[in-house]
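The following note is intended for a colleague who is meeting this structure for the first time.

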Amino acid sequence: MAATLMRVLPPANEPTVQLAAFIPYGLVGYLLALICLLVVLLRARRGLVPAVIIAAVVVLTALHLAWLGPLFLNDQRAASTPEFRLMSLNMSGSESDTREVAERAAQADLVILIQTSPPALTALKSFGWDQRFPFSLGEPKDGFSDTAVYSRFPLSRSTLIRGTHFQQWVTTVRVPDVGRIRLIAAHPCNPFCDGDRWTAEHDALHSVVIDELDQPLIVAGDFNAVEDHGPMQALHRLGLKSATDVAGAGWLPTYPANRRIPPLLPIDHVLINEDLTASSVTSFAIAGSDHRGLLATLAGIG
């Protein structure tokens, strides 16, 4: 019941926000409860109270299935342009294996590197990085930020979202045969940040998104939030949708990676507006990073 309440009435205080990250697992709890209640009902052979409780659990289970189900169904948004690929990865500072990062990036046209470092970015250059991506933001030579954007295509109208703990870039990418696309490299502070920064920085990102909705738009990066969190629901109400959802790519948790347990939380996202479509989204592991990366194949519509 708590998972459903937090989905319908999203919390804003940080301890509850952390708990809300596990809302999707409420479905598992309801399914287990349903099995136990059915066993009780069969043994009792009758009883109005168990039947009523089972009916309530069935409704709640169906509600959670309705929230998760679209992730597995392709939206059938037909592309009208050639495809291009975007990669997003939290590098965990200098911990990521840069050779693996470069190998993965060889499949991409646009790359967003979150929580990176000058040594990591410098190390990438030995793998032909600058030849692959001649356009960039956040390079050490340009005045380093902990978020970097790399592109095979020209970037323009670039600026930083001010007043956030981690840097977040807003730029325009001119993709051949697709056109100009506004790109936001997102990294709001996590719920462990002090002073309600998680909420404040998501609000700042939301305000920027509102100003960019009149054009093809991608918002990608480490959101430190799952789709069920209030700020993500607010972005969906603006018309943004997860590329994972559009492509029907399924459940793609990205954090924590490279642990003894598999990743549990999908906090890294590629969001697109209705001017774009996605044909595939995959996640991948990079040695040293505590996040799985995302590679999304996108295209224009109309």
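1. In this predicted model, the largest nonpolar core comprises 29 residues, and the members that touch the most others are L86, I218, V270 and L298. Beyond its neighbours within four places in sequence, L86 is in contact with L110, I112, L183, I218, A220, V270, L294, L295, A296 and L298. Another core, of 19 residues, lies apart from it; A102, A105, W129 and I286 are among its members. In soluble globular proteins, nonpolar side chains tend to be buried together.

2. The second topic is a ring arrangement around W129. There are five aromatic pairs in the count. In one of them, W129 and F133 have ring centres 4.9 Å apart and planes at 55°, so this pair is tilted. The rings of W129 and Y150 have their centres 5.2 Å apart, with planes at 85°, so this pair is edge-to-face. Because W129 belongs to helix α7 (residues 129-132) and Y150 to strand β4 (residues 147-151), the latter pair ties together parts that are 21 residues apart in sequence. The relative accessible area is 3% for W129, which is buried; F133 is likewise buried, at 2%, as is Y150, at 1%. Elsewhere, ring pairs join F22, Y25 and W251 into a cluster.

3. Helix α9 (residues 230-237) is largely enclosed by the rest of the structure, because six of its eight residues are buried. These are G230, P231, M232, Q233, A234 and L235. Their cover includes α1 (2-8), α8 (197-211) and β10 (268-272). Just after α9, G239 adopts a positive phi of about 110°.

4. Helix α4 (residues 48-68) has 21 residues and spans 31 Å from its first C-alpha to its last, close to the 30 Å expected at 1.5 Å a residue. Its residues P50, I54, V57, L60, T61, H64 and L68 are buried. They cover an arc of only 130° around the axis, which puts them on the same side of α4. L48 and V59, on the other side of α4, are exposed.

5. The loop between α4 and β1 (84-90) contains T81. Is T81 buried or exposed? With a relative accessible area of 15%, T81 is buried, because the cut-off for that term is under 20%. A polar atom of the T81 side chain lies 2.7 Å from the backbone nitrogen of G300. Not counting residues up to four places away in sequence, T81 touches D177, V178, A299 and G300.

Conventions: Residues numbered from 1 in each chain as written. Predicted model: local features only at pLDDT ≥ 70, side-chain atom pairs only at ≥ 80, totals over all residues. Heavy atoms only, no water. Core = buried A, V, L, I, M, F, W, Y, C linked by side-chain atoms within 4.5 Å. Buried < 20%, exposed > 50% of the residue type's maximum accessible area, 1.4 Å probe, protein only. Contact = heavy atoms within 4.5 Å. Helix = DSSP H or I, 4+ residues; strand = E, 2+ residues; numbered from the N terminus. Expected span 1.5 Å × (residues − 1). Arc of directions from axis to C-beta. Polar contact = N/O pair within 3.5 Å; in protein donor to acceptor, adjacent residues only side chain to side chain. Phe/Tyr/Trp six-rings, centres within 6.5 Å; stacked < 30°, edge-to-face > 60°.
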